[in-house]
Amino acid sequence: MRIPRRAVAAAAAIATVLPLSACGGGSDSGASAASGKVEGKITFQTWNLQANFKDYFNSLIAAFEKQYPGTDVKWVDRPAEGYADKISADAAGGTLPDVVNVSPDLVAPLAKAGLALDLDKAAQKYKKEYLPGAWASHQIPGMQGTYAFPWYLNTGPLFYNKRLFKEAGLDGERPPKTYDEVFASGLKMAKESKGEIATLANVPTIEDFGRYGVELMNKEGTGFAFNDAKGVELLTHYKELYDAKALDPQALTATPESSGKKFLTEAVAMNPGSALDLGNFKKQAPSLYKNIGITDQISSTGHANMYVMGVMVNTKAKQKPAAVAFAHFVTDATRQMEFARKVAIFPSTAGSLDDPYFTKEDGTDETRVRIAAAKSLKTAVNYTPVLFSEQMKTELRNEVAKALQGKESPKEALDNAVKACDRLLQQS
């Protein structure tokens with residue numbers, strides 16, 4: 001599993017471990033059969049985790065089998081490459097494992113096919129153990145139910161350059177929090193620097209529309225809605241930033257690496273990042289490091305965006321009580337805290353983010369970023385619609401580029417993006 005590069009707060013150790021995108025769907029069968037004695041053999045499949053976390057999972061499985069005598073867990077780990085195709089093939093061939101590591105987009109077609117157990121029916125008693133936003137992340141528009149236990153989370157705070165803010169006549173200790181504040185700050189910074197300093201280095205993505213408060217999809221899950229008045233308003237503001245050079249001129253083709261370099265060279269005032277970036281700044285750009293500020297993701301809703309991984313139970317599992325018990329065991333507070341201490345991820349369990357590990361400063365860069373990210377995750381949501389595919393992200397990005405370049409109006413661009421995404425949705 002690898003975290004999408006948008007989730008730049010993730011540490012390198014997990015960066016190849018977690019594709020967190022979005023999709024959806026939901027159907028259920030056999031939920032009532034989840035009760036009963038926890039016993040028998042089950043198969044557990046993870047997503048490119050064995051190489052780095054073999055001892056952790058072997059220990060976890062041993063602990064489960066000790067707690068539930070008579071159980072036998074077979075662990076299967078699949079490589080990141082082709083993971084989605086492997087799941088599809090197993091589902092079609094009737095060989096899908098009993099407990100499966102999934103992201104929201106992967107659980108969708110399985111739920112539609114009746115292969116993902118509805119935990120709102122089969123495991124409702126566990127719901128209170130998880131953060132509300134995390135539990136909701138594997139729900140699907142137009143369908144009833146929750147189709148995977150939330151597992152580990154990630155998000156990223158923003159870095160900002162205090163010196164650049166101060167030189168523009170802005171308060172370096174009070175960075176912008178909402179999009180309106182970012183737009184105002186960006187235009188002022190561009191004006192004061194005569195277009196030399198941009199505030200942002202990336203074009204808006206679907207998560208930005210979500211954090212701006214745009215309704216991304218209709219409640220039935222049959223069509224997208226980000227071309228409404230609020231969506232057009234957001235893109236219009238980005239067009240203003242682009243024209244004023246408050247949005248970096250190379251944002252249309254930016255990658256996380258290129259935008260990170262812009263921030264490193266102090267050509268951009270704000271950029272998402274991770275504790276690893278802080279260490280890099282300290283070595284390569286000490287003047288930047290001295291002026292680094294850490295703040296929350298920009299949001300006009302009061303909620304940051306989260307990336308989430310889950311654990312699904314196959315409705316066809318022969319030992320369903322054991323499968324449900326094991327999926328819960330993997331994702332309970334104890335196991336999630338153990339995992340979070342091994343890699344830069346965050347637990348989805350209620351109360352875990354209040355642990356001193358996520359709240360107590362120790363003077364290190366890693367802890368500074370961890371605390372900032374953990375704080376925002378308590379109320380974060382997964383803004384990427386579970387039915388929003390990689391192809392749809394490309395369609396949106398292409399249309400956003402046309403609007404910024406003046407080839408289409410913001411309204412035309414978003415109308416075209418919604419049409420293209422709706423067409424892809426109907427084909428899925």
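Predicted model: local features only at pLDDT ≥ 70, side-chain atom pairs only at ≥ 80, totals over all residues.
Some ground rules: local features need pLDDT of at least 70, side-chain atom pairs count only at pLDDT 80 or more, and totals for chains, interfaces and linings use all residues. Residues are numbered from 1 along each chain as its sequence is written, and side-chain values use heavy atoms, leaving out hydrogens and water.

**Exercise 1.** Work out how the radius of gyration fits a compact globule.

Start with the rule: 2.2 Å times the number of residues to the power 0.38, with the radius taken over C-alpha atoms. For 428 residues that gives a value near 22 Å, and the protein has 22 Å, so the two agree. Then look at the box filled by the C-alpha atoms: roughly 70 × 50 × 35 Å along the principal axes.

**Exercise 2.** Find which residues touch the most other members of the largest nonpolar core.

First, the term: such a core joins buried (under 20% relative accessible area, 1.4 Å probe, protein chains only) Ala, Val, Leu, Ile, Met, Phe, Trp, Tyr and Cys residues through side-chain atoms within 4.5 Å. Next, go through its 122 residues: Phe226, Phe326 and Phe339 come out on top. Finally, check the helices (DSSP runs of H or I, at least four residues, numbered from the N terminus): H14, residues 320-331, gives the most, with eight residues.

**Exercise 3.** Pick out what Phe326 touches.

Skip residues up to four places away in sequence, and you're left with Ile42, Phe44, Leu60, Ile61, Phe64, Val73 and Val99.

Note on methods. Buried < 20%, exposed > 50% of the residue type's maximum accessible area, 1.4 Å probe, protein only. Helix = DSSP H or I, 4+ residues; strand = E, 2+ residues; numbered from the N terminus. Contact = heavy atoms within 4.5 Å.
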